[in-house]
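Reader: I am new to this structure. Please take me through the labels and show what stands behind each one.

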Amino acid sequence: MAEKFRIVIVGGGVAGLALATRLGNSVGRAGQAEITLVDKSFAHVWKPMLHCFAAGTAANENDRISFMSQASRHHFDFWPGEITALDRKARTISLAPITDPQSGEAVVDARKLGYDALVLALGSRANDFGTPGVAEHCLFIDNLVDANGFNDRFRMELLRAFANHQELDIAIVGGGATGTQLAAELHKALDIASLYSFGEKPPKLCITLLEAGPRILPAFPDAVSAAAARQLEAIGVTVRTSAMVSGADENGFILKDGSRVPATLRVWAAGVKAPDVTHRFDGLRLSRSGQLEVRPTLQAMDDDHIFAMGDCAFVTENPVPPTAQAARQQAHHLARGLPVWMKGGTLPAFRFHNKGAVVALGDYNGWGTFPGGTVFGGGWLRGISARMVHLMLYRQHQFELYGPVRGTISCLVDWLDMFVRPSVRLD
């Protein structure tokens with residue numbers, strides 16, 4: 001019996017899990033290919049919600065999707081592990097050993113996986129641009145582990161501030177969607193947590209949002225940036241633009257002009273770069289930020305059998321923004337094209353269709369833009385429309401992965417859970 005065509009997908013984010021699910025439902029179910037998804041985590045979360053997990057305003061127990069469960073239902077395999085190297089000649093990838101977090105002992109030894117087609121969907125991380133002290137003294141929210149780690153620190157510092165009747169200073173570097181939404185979500189978390197404080201006056205939360213550019217939310221029109229800044233200021237966030245950070249230490253940030261921004265918790269949410277492991281990918285061509293350079297077909301410039309999509313890919317002829325929207329469209333493109341390509345057909349060029357963008361500042365306000373630049377949202381009632389669009393994008397993602405029946409059940413479970421669990425993580 002001839003061996004099945006082997007498709008290995010590395011990275012279970014928005015793009016990777018969507019592609020594995022779609023290919024599993026097509027060529028996997030038909031027995032035409034063996035689909036394997038690799039990720040260092042055991043569960044998937046929708047990356048645009050990481051700021052909610054960090055603030056504790058989303059119950060990630062309900063919002064995580066088990067890779068093993070998804071694989072068993074959709075005809076693909078899942079291997080936990082972190083990619084460490086790539087051998088293009090042998091067409092294998094190397095995975096790091098899996099260790100026990102308590103003892104540090106190896107549970108599964110380092111191993112290799114062979115492929116006929118390799119799809120890299122590694123996502124991205126914040127870019128500290130080599131700023132001194134950032135790696136040692138700042139928190140990141142690039143993935144669920146980071147977000148949960150930040151939330152643990154946030155709750156402990158909040159408890160300390162409650163007990164000692166003192167302020168809690170938080171500084172966030174990066175005025176893009178992640179940093180801006182995190183600032184609002186942290187205030188929302190404190191507003192909710194104060195309902196459970198048994199009469200204790202909640203501590204003052206002092207959040208400073210630092211943006212090196214002239215305005216926050218640079219991907220949005222000027223009117224949205226200005227309105228978002230006013231909204232953040234109204235809830236107590238200090239917004240500082242043209243504030244270039246030159247260093248960080250255990251007490252806060254040092255700005256280029258020599259001034260300091262004191263902060264107990266320091267968050268870095270600026271810049272975008274590919275994971276450092278891309279530099280060990282057997283000479284594949286990379287962009288300045290470490291992204292894999294790919295042709296319009298999403299194939300690597302140097303290897304027809306390697307594909308990249310999502311934030312870790314740089315489409316040389318027609319770059320696309322590093323957004324969940326673009327990653328999802330690229331996954332759909334490869335889900336249609338790979339079954340044809342593996343049988344000797346040709347791959348069409350990927351074309352990005354901009355459907356607009358949306359930003360939601362907790363329950364306070366929200367804005368969206370259509371492709372032509374038309375803005376909607378803003379104001380209390382009008383802001384609801386943008387926040388609902390943000391929620392519906394998440395539900396669309398759930399329905400795509402779960403299917404209509406399980407997707408509907410998931411929505412109902414989340415709604416019923418509102419009557420049982422607190423609206424913010426308290427333990």
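Author: Start with a definition: a salt bridge is a side-chain nitrogen of Lys or Arg within 4 Å of a carboxyl oxygen of Asp or Glu. This is a predicted model, where local features need pLDDT of at least 70, side-chain atom pairs count only at pLDDT 80 or more, and totals for chains, interfaces and linings use all residues. Residues are numbered from 1 along each chain as its sequence is written, and side-chain values use heavy atoms, with hydrogens and water left out.

Reader: What makes lysine 273 and aspartate 276 a salt bridge?

Author: Their side chains come to 3.5 Å, N to O. The limit is 4 Å, so the pair qualifies. The whole structure holds 14 salt bridges.

Reader: Why is lysine 273 called buried?

Author: Buried means under 20% relative accessible area, exposed means over 50%, and partly exposed lies in between (1.4 Å probe, protein chains only). Lysine 273 has 16%, so it is buried. Aspartate 276 has 43%, so it counts as partly exposed.

Reader: How do you know that arginine 155 and aspartate 152 meet in a salt bridge?

Author: The N to O distance is 2.6 Å. That is within 4 Å, so the label holds. Both residues lie in helix α6 (residues 144–164), 3 residues apart, about one turn of the helix. Helices (H or I, at least four residues) and strands (E, at least two) are DSSP runs, numbered from the N terminus.

Reader: Which labels do arginine 155 and aspartate 152 get for accessibility?

Author: Arginine 155 has a relative accessible area of 15%, so it is buried. Aspartate 152 has 34%, so it is partly exposed.

Reader: What makes aspartate 222 and arginine 215 a salt bridge?

Author: The side chains meet at 2.9 Å, N to O. This is within 4 Å, so they count. Aspartate 222 is exposed, because its 54% is over 50%. Arginine 215 is partly exposed at 26%. Salt bridges can also join up: Arg22, Arg328 and Glu400 are linked in a network.

Reader: Why is the pair of phenylalanine 5 and tryptophan 341 called edge-to-face?

Author: Rings of Phe, Tyr and Trp (its six-membered ring) pair if their centres lie within 6.5 Å; planes under 30 degrees apart count as stacked, over 60 as edge-to-face and the rest as tilted. By this rule there are 8 aromatic pairs. For phenylalanine 5 and tryptophan 341, the centres are 6.1 Å apart and the planes stand at 85°. The distance is within 6.5 Å and the angle is over 60, so the pair is edge-to-face.

Reader: Which parts of the chain does this pair tie together?

Author: Phenylalanine 5 lies in strand β1 (residues 5–10) and tryptophan 341 in helix α9 (residues 324–341). The pair therefore ties together parts that are 336 residues apart in sequence. Phenylalanine 307 also pairs edge-to-face with tryptophan 341, at 5.2 Å centre to centre and 85° between the planes. Phenylalanine 307 sits in strand β21 (residues 303–308), 34 residues from tryptophan 341. Ring pairs link Phe5, Phe307 and Trp341 into a cluster.

Reader: Is tryptophan 341 buried or exposed?

Author: Its relative accessible area is 15%. That is under 20%, so tryptophan 341 is buried. Phenylalanine 307 is buried too.

Reader: How do you know that the charged end of arginine 125 sits over the ring of phenylalanine 140?

Author: The rule asks for NZ of Lys or CZ of Arg within 6 Å of the ring centre and within 35 degrees of the ring normal. Here the charged end is 5.8 Å from the ring centre.

Reader: What makes β15 and β17 edge strands?

Author: The sheet is open, with 3 strands in the order β15-β16-β17 and antiparallel pairing. β15 (245–249) and β17 (260–262) each have a single partner strand, so one side of each is left without a neighbour in the sheet.

Reader: How do you know that β15 and β16 pair?

Author: Two strands pair if DSSP finds at least two bridges between them. β15 and strand β16 (residues 252–255) share 4 bridges, so they pair. Glycine 247 stands opposite isoleucine 254 in β16.

Reader: Why is lysine 40 called exposed?

Author: Lysine 40 has 56% relative accessibility, over the 50% limit, so it is exposed. Lysine 40 lies in the loop between β2 (33–39) and β3 (43–44).
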